[in-house]
Amino acid sequence: MTTTPIKFYQVGSFAVGNRLLSEEDRSIQSDPNRTNALTSGHRACQGCGEALGARYALDAAMRACNDQVIAVNATGCLEVFSTPYPESSWRIPWLHSLFGNAPAVATGVAAAMKAKGRTDVRVVGQGGDGATVDIGFGALSGMFERNDDVLYICYDNEAYMNTGVQRSGATPPAARTATTQAVGSAPGNVFGQGKNLPRIAMAHEIPYVATASVADLRDLEAKVTKAMSFRGARYIHVLVPCPLGWGSASCDTIKIARLATQSGLFPVFEAESGEVTSSTPIRKKVDVEEYLKLQLRYAHLFSPTRNDAVINHLQEMADKNIRRYNLLNQSSES
Amino acid sequence: MEKPFAITLSVESSLANHTGSWRVEKPEYVHRMPPCNNACPAGENIQNWLYIAEDGSYENAWHALIQENPFPAIMGRVCYHPCQDVCNRSFLDEAVGINSVERFLGDHAIEKGWKIPAPDVESGFKVLIIGAGPAGLSAAYHLRRLGHDVTVRDATHAPGGMMRYGIPKYRLPREILDAEINRIKEMGIRFEMNTRVDDVHVAMDEGFDAVFLAIGAQLSKRAYIPASEAARIMDAIKVLHDVEEGNQPLLGRKVVVYGGGNTAMDVARTAKRLGAEEAVIVYRRTRDKAPANDLEITEALEEGILVKWLSTVNHVGQHELRIEKMELDEKGFPQPTGEFETLEADSLILALGQEVDFSLLGNSADLDVVDGTMTVDATMMTSHPGIFAGGDMVPADRTVTTGVGHGKKAARNIDAWLRKSTYENTKNTDLVTYEQLNSWYYTDAPHVVRERLEASRRAKDFSEVVKGLDESNALYEARRCMSCGNCFECDNCFGVCPDNAIIKLGPGKGFEINLDYCKGCGICVSECPSSSIVMVADK
């Protein structure tokens with residue numbers, strides 16, 4: 001794990017801060033003077049995981065780079081809710097071009113900064129899962145291949161939420177979306193398709209790849225900070241639950257992200273040059289069912305009749321992640 | 001400003017867009033009732049003083065504690081800590097060692113010589129307290145803090161009541177008892193010891209504006225037991241009293257104690273310390289039905305005290321007694337079986353409970369007594385205006401902590417009565433359950449176990465059995481508190497708000513919600529570890 005656990009201060013390193021911790025042991029988000037790269041008044045839905053993830057990540061990137069950061073944003077919820085022309089929620093230099101070209105634009109910004117001799121200015125490319133795993137995939141792969149000096153962050157909410165919850169290459173099996181309805185013999189999204197972008201990124205053998213979620217702030221901050229210590233192409237994949245698209249209660253956003261990690265469905269790990277270097281152990285193991293049943297996109301697995309075959313299939317996926325990333329059997333309490 | 005074609009908004013930050021207007025519910029910071037506070041017979045705000053102690057501010061924590069209870073060092077030894085029985089942390093790992101932290105604060109205060117603040121103004125009212133036990137001393141303390149002139153009268157020669165004459169030294173060392181009582185004396189309270197009050201009304205007419213009666217329950221209950229003339233039968237209260245006064249009672253080598261309450265345990269353990277080779281407790285029901293606190297039973301058993309459960313004493317001879325085996329009927333009452341057993345015994349000590357000795361009150365016919373205890377109303381006042389009563393002489397649990405609680409309650413009501421107002425104590429009934437906490441956030445941290453003297457060593461003398469915590473483990477223990485229902489500034493709400501709508505006010509000041517931007521998603525409520533934010537309808 002990237003973070004060093006803090007012992008016995010009631011909430012250790014699990015909560016955002018704690019009055020009993022020394023300043024340096026507190027998270028960036030606990031600082032009243034944090035950047036708030038994405039400020040209030042944005043039009044994200046109630047309980048938006050992406051708004052939270054973007055602020056967590058960019059505030060950490062700003063802190064790591066002495067505030068010298070430019071963000072390049074793909075089309076998607078994050079762009080639309082933050083910047084309905086002529087208003088903007090960004091408190092960071094920010095560019096938006098097209099849905100599919102954010103990695104290429106980020107490459108260009110990095111090249112321009114290099115040409116100007118401003119190597120102190122760092123570039124973050126960001127987008128949702130649609131822009132990243134589908135529409136901008138070619139541009140992203142090129143950015144990885146060239147090892148351009150960009151940190152690309154994907155905020156994965158597992159479908160095209162902005163346009164009305166259509167399936168993307170990151171939509172998990174069995175999930176209901178507008179284009180994978182819960183009808184027929186295999187309701188919801190099919191098994192066996194889709195793309196695991198963290199593993200594809202690793203296959204490019206870029207310096208740094210990590211996954212994170214909005215449920216573990218300290219881990220996310222530590223990974224962004226670590227990513228900024230490398231030069232070259234870096235990729236962080238952040239799970240950000242979407243109350244609208246997932247059919248979950250707005251207050252459960254973090255809880256659902258936590259259950260995704262604790263069930264093993266979303267493995268949290270990091271890799272350098274194509275090799276996994278560490279993974280965050282599961283602290284309180286839960287069955288995938290705990291995660292699934294809070295979301296209406298999986299409601300068809302539980303009513304009118306329970307679909308054990310599909311639930312078991314999803315459990316097998318989680319179990320495979322647990323084996324592959326060694327998520328259990330590490331020394332437990334963290 | 002000139003706006004671009006087809007654009008109605010100005011070029012500016014989204015801060016102009018008050019998304020709070022979307023909201024139908026809003027979060028609100030609240031103070032809820034932690035189970036420990038709810039269970040405390042002395043009405044301590046435990047969560048609060050633990051919170052203060054957590055950053056090492058022991059003196060402030062002690063001052064907060066003594067707002068409700070002047071005896072933390074005593075409590076930390078003799079209280080049966082009902083707070084810990086209901087601590088929500090026990091569902092996570094183990095209850096917080098509240099009692100051990102209380103003792104640490106109490107001992108620390110004695111060591112540092114911290115003083116009780118003087119009252120702001122003298123009220124001019126005079127109050128007489130009859131009985132210098134836990135209830136009387138607590139009332140004296142609280143009345144003095146409220147500015148009243150207080151006199152305490154007691155028939156014994158040293159104050160403390162059952163804390164001195166009932167609880168043995170190995171549970172409550174006398175230097176601790178004296179230190180906490182002296183601190184109360186120094187507040188300017190008059191103690192008139194060796195002064196028996198024979199008539200409450202005469203005493204009151206000496207110029208007191210109110211009286212608080214707390215004479216306890218000192219009369220041992222008797223049971224008719226056939227006995228030969230040479231049998232030695234004593235009562236437990238007298239034995240404990242004699243030991244305290246330095247008069248060693250003649251108990252013999254083998255001692256049998258009859259009864260299953262805390263006094264029975266205390267007297268059996270005392271007998272062992274006085275040199276009895278064998279101390280046997282005879283009790284008519286089973287361990288789980290015994291009124292003694294389980295901790296006391298455990299400690300007694302560890303010290304080699306034998307217990308004959310389901311037995312009654314049938315006949316007492318000079319060196320032996322006959323007991324009869326009992327069995328519980330369907331209703332849980334013991335019934336004789338006709339099976340007998342003989343025990344060697346040089347003496348029998350009766351610990352069958354105590355009654356209030358109303359003869360002490362002399363002319364008190366106008367005070368209502370029902371079933372052997374004095375009737376008081378919700379303000380602790382007896383049927384006679386201005387005369388209040390509490391402690392063991394009114395119906396309640398007979399523990400030190402309950403007595404201390406009575407003293408406080410009576411003091412506050414006496415104060416109100418004297419000032420011709422009423423004491424409003426609206427108890428917060430919004431109790432926090434474990435399920436309402438977000439336990440994910442609490443680190444696993446097992447309870448620090450207080451060291452106890454080796455059982456074989458401790459049964460030989462009166463040294464204190466349970467040891468205290470040192471500063472480092474007291475701090476650790478305090479920090480195990482989950483702060484149920486009250487903010488402890490973990491910054492979670494501040495961090496997890498997707499709309500940056502939480503304002504952090506700085507250390508000790510907590511947080512505020514910026515309703516201009518709060519969309520009412522409720523993440524702060526569900527991610528609050530201590531359940532101290534709730535959603536309410538937004539009108």
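This is a predicted model: local features need pLDDT of at least 70, side-chain atom pairs count only at pLDDT 80 or more; totals for chains, interfaces and linings use all residues.
User: What makes β2(A) and strand β1 of chain B a pair?

Analyst: Two strands pair if DSSP finds at least two bridges between them. Here two bridges join β2(A) to β1 (residues 12–13) of chain B, and the strands run parallel. So they pair under that rule. Residues are numbered from 1 along each chain as its sequence is written, with chains lettered from A and ligands numbered from 1 in the order in which they are written.

User: How many residues does each chain give to the contact?

Analyst: Chain A gives 42 and chain B gives 48. Two residues are in contact if their C-beta atoms, placed from the backbone, lie within 7 Å. On the chain A side, α9(A) has the largest share, four residues.

User: Why do β3 and β9 of chain A stand at the edges?

Analyst: The open sheet runs β3-β1-β4-β5-β7-β6-β8-β9 in chain A, with mixed pairing. β3 (94–96) and β9 (275–279) each have a single partner strand, so one side of each is left without a neighbour in the sheet.

User: In which sense do β6 and β8 of chain A pair?

Analyst: They are antiparallel, over three bridges. A:V209 stands opposite A:A271 in β8(A).
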